[in-house]
Amino acid sequence: MEMRPGINVVIGDNGRGKTNLLEAVYLLLQGRPNRTADFEELIMHGQNEAVVEGSFDAGREIKKRMVITREGSHRAKRETREIQAVLFQPDDIWMVKGPPETRRKCLDEASTDVKRGYREVAREYQRVLRQRNEAIRSVRRGERDRGYIKGWNKLLYRHGSEVIGERLETVKEMNREMSDIAERWGQGRLELKYYTTMGEDVGDEKKTMEKIAGMEEAEIRRGVSLIGPHRDELVIRLAGRNARRECSQGEQKLVAIMWRLAQAKTIAGNTGRKTLLLMDDCLSELDEENRARVMAELRRWKQVVVTSTDDLPEFDHLYKVFLGQGEGR
Amino acid sequence: MLYTPPIARLVEELSKLPGVGQKTAQRLAFHLLKIPGEEARSLADAIIEARERVTFCSRCFNFAQGELCDYCMDSRRDPTLVCVVERPQDIVAVERTGEFRGLYHVLGGAISPIDGIGPEELKIRELLERVRKDGVREIIVATNPRVEGEATAIYLADLLKPLGVRATRIASGLPVGGDLEYADEVTLGRALKGRLDL
């Protein structure tokens with residue numbers, strides 16, 4: 001299948017493989033599947049391997065091929081990172097209306113794409129967290145004394161504040177991009193605010209260390225670490241309302257789309273990589289006015305792939321690919 | 001059965017070694033069967049001799065032959081300067097630099113609650129005893145720059161400071177001879193934070 005510069009609209013009924021197509025492109029560019037950690041899930045039942053091949057134009061031709069086998073070998077060619085994909089999926093609405101965890105996950109994903117080294121920083125923090133949680137539980141079981149946790153507090157602070165620092169920078173950039181889009185879309189003021197359980201004084205080691213030490217009692221009772229970036233919250237406010245609780249379904253979807261667009265913009269700005277936008281079913285549930293706004297925004301991009309179940313007669317001037325019976329899947 | 005029992009046993013024993021899988025074990029086993037008998041015997045003897053003759057140094061817990069290890073017996077080394085490492089092989093790495101003329105202390109690992117390793121499982125009590133008895137001035141903590149090594153360093157620092165001994169931690173930085181351009185971001189970031197005055 002060939003795509004053109006600008007907006008490509010892939011149209012087809014349910015089950016025609018629209019999502020598969022976008023996920024395959026994402027897999028090829030990002031080197032990992034978008035929703036599962038388990039590569040084996042990508043292989044069709046009864047088959048031994050899955051193959052994705054693609055050719056991209058980044059000034060020069062970049063050919064990519066990925067083979068996934070049940071034994072788990074993934075990549076045939078060395079990863080080139082000149083092109084990056086950002087994928088919007090209808091489920092992304094959960095990053096707006098879901099629990100804090102879903103927003104942390106999206107923020108981590110954006111930080112990983114935008115900030116080099118964030119993946120390692122976050123991984124080290126997870127390691128500290130697992131060790132500290134285990135220390136807490138062994139104190140709870142009465143196997144060790146409180147001093148066993150204490151050594152981990154400093155590391156929780158050191159690595160936790162590092163994660164928070166990086167996230168705050170991502171939030172700042174995402175906030176700028178998202179509020180720009182919200183303004184263009186006439187949605188009012190959009191604001192991202194990151195609240196850390198380590199408190200406003202997270203830059204002050206002494207104060208924060210006291211705060212961490214103050215949590216120990218409760219932590220031993222609960223058996224987990226209660227303070228740190230793994231419990232932080234990102235609040236999205238749209239026109240003065242909390243998007244999680246006070247916005248309509250349609251507005252929440254718009255916010256999720258804004259998030260992905262801002263992510264793509266921030267990646268491009270930070271890394272200079274060309275970014276391909278993959279928008280899976282981004283227009284459904286939106287009224288005509290908002291559809292037009294989203295499409296106008298997408299027109300600013302070099303290349304976008306949009307999927308839809310409807311024919312979208314109002315966008316007849318766009319390049320359309322129809323997935324019929326037998327095609328796609 | 002793939003092999004006659006003696007070969008199968010050899011392959012199985014070899015495959016228990018770290019970094020050795022089935023295939024490598026098989027290659028090693030066939031190699032051992034091909035070489036002259038005395039070479040194979042010499043290898044077997046070397047393993048048994050090492051096991052029987054190598055002990056742990058009673059002062060620093062490095063490998064030794066007898067009561068004390070070579071470093072602890074060397075009177076030219078400074079006994080008031082002690083470098084703390086996780087494992088005996090870390091001593092080899094520090095020694096290769098030729099920059100260190102003090103003694104060592106091998107903890108036998110790092111604090112890791114997930115693996116059930118706490119201070120009690122390491123040679124920390126013995127280190128504190130050395131500080132009190134041997135007049136140690138400075139402790140250089142050279143545990144691995146991993147989360148567990150850091151936790152151990154922090155724990156040691158808390159114990160050592162009240163004893164009036166200087167405790168230092170090896171710096172983490174950039175590999176020499178490499179280009180900044182190719183340094184990984186985390187290492188470069190930490191090297192920036194730990195920068196030195198010119």
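Predicted model: local features only at pLDDT ≥ 70, side-chain atom pairs only at ≥ 80, totals over all residues.
**Notebook: salt bridges, helices and an interface**

**Entry 1: one pair within chain A**

I picked out Glu216(A) and Arg146(A), whose side chains meet in a salt bridge with an N to O distance of 2.9 Å. Which parts of chain A does this pair tie together? Glu216(A) sits in helix α6 (residues 205–222), while Arg146(A) belongs to the loop between α4 (118–140) and α5 (147–184), so the pair links parts that are 70 residues apart in sequence.

**Entry 2: two helices of chain A**

Next I looked up helix α8 (residues 249–271) and helix α9 (residues 288–298) of chain A, which pack at an angle of about 0 degrees with axes 12 Å apart. Angles under 35 degrees count as roughly parallel, and that is why α8(A) is called roughly parallel to α9(A). On the α8(A) side, I found Leu254(A), Ile257(A) and Leu261(A) making the contact. Asn290(A), Val294(A), Glu297(A) and Leu298(A) meet them from α9(A). Sorted by class, these residues are 5 nonpolar, 1 polar and 1 charged.

**Entry 3: two helices of chain B**

I then turned to helix α1 (residues 5–14) and helix α2 (residues 22–34) of chain B, whose axes come within 8 Å and cross at roughly 130 degrees. That angle makes α1(B) oblique to α2(B). I noted the crossing as right-handed. From α1(B), the contact uses Ile7(B), Leu10(B), Val11(B) and Leu14(B). The α2(B) side includes Gln22(B), Ala25(B), Phe30(B) and Leu33(B). How many residues of this contact are nonpolar, polar or charged? My tally reads 10 nonpolar, 2 polar and no charged.

**Entry 4: where chain B meets chain A**

Last, I checked the interface, where 21 residues of chain B are in contact with 21 residues of chain A. Between them the two chains bury about 1,800 Å², with 56% of it on carbon and sulfur atoms. Which residues of chain B lose the most area to chain A? They are Pro113(B), Ile114(B) and Val147(B), together 32% of what that side buries.

I came back to salt bridges here too, and the rule finds 5 of them across the interface of chain B and chain A. I looked up the one between Glu150(B) and Arg158(A), whose closest N and O atoms are 3.4 Å apart.

Conventions. Residues numbered from 1 in each chain as written. Chains lettered and ligands numbered in written order. Heavy atoms only, no water. Axes fitted to C-alpha atoms, helices over the stretch in contact; angles between N-to-C directions. Helix = DSSP H or I, 4+ residues; strand = E, 2+ residues; numbered from the N terminus. Parallel < 35°, antiparallel > 145°, perpendicular 65-115°, else oblique. Left-handed = near helix turned anticlockwise from the far one by under 90°. Contact = heavy atoms within 4.5 Å. Nonpolar A, V, L, I, M, F, W, Y, C, P; charged D, E, K, R; others polar. Buried area = accessible area lost by both parts, 1.4 Å probe. Salt bridge = Lys/Arg side-chain N within 4 Å of Asp/Glu carboxyl O.
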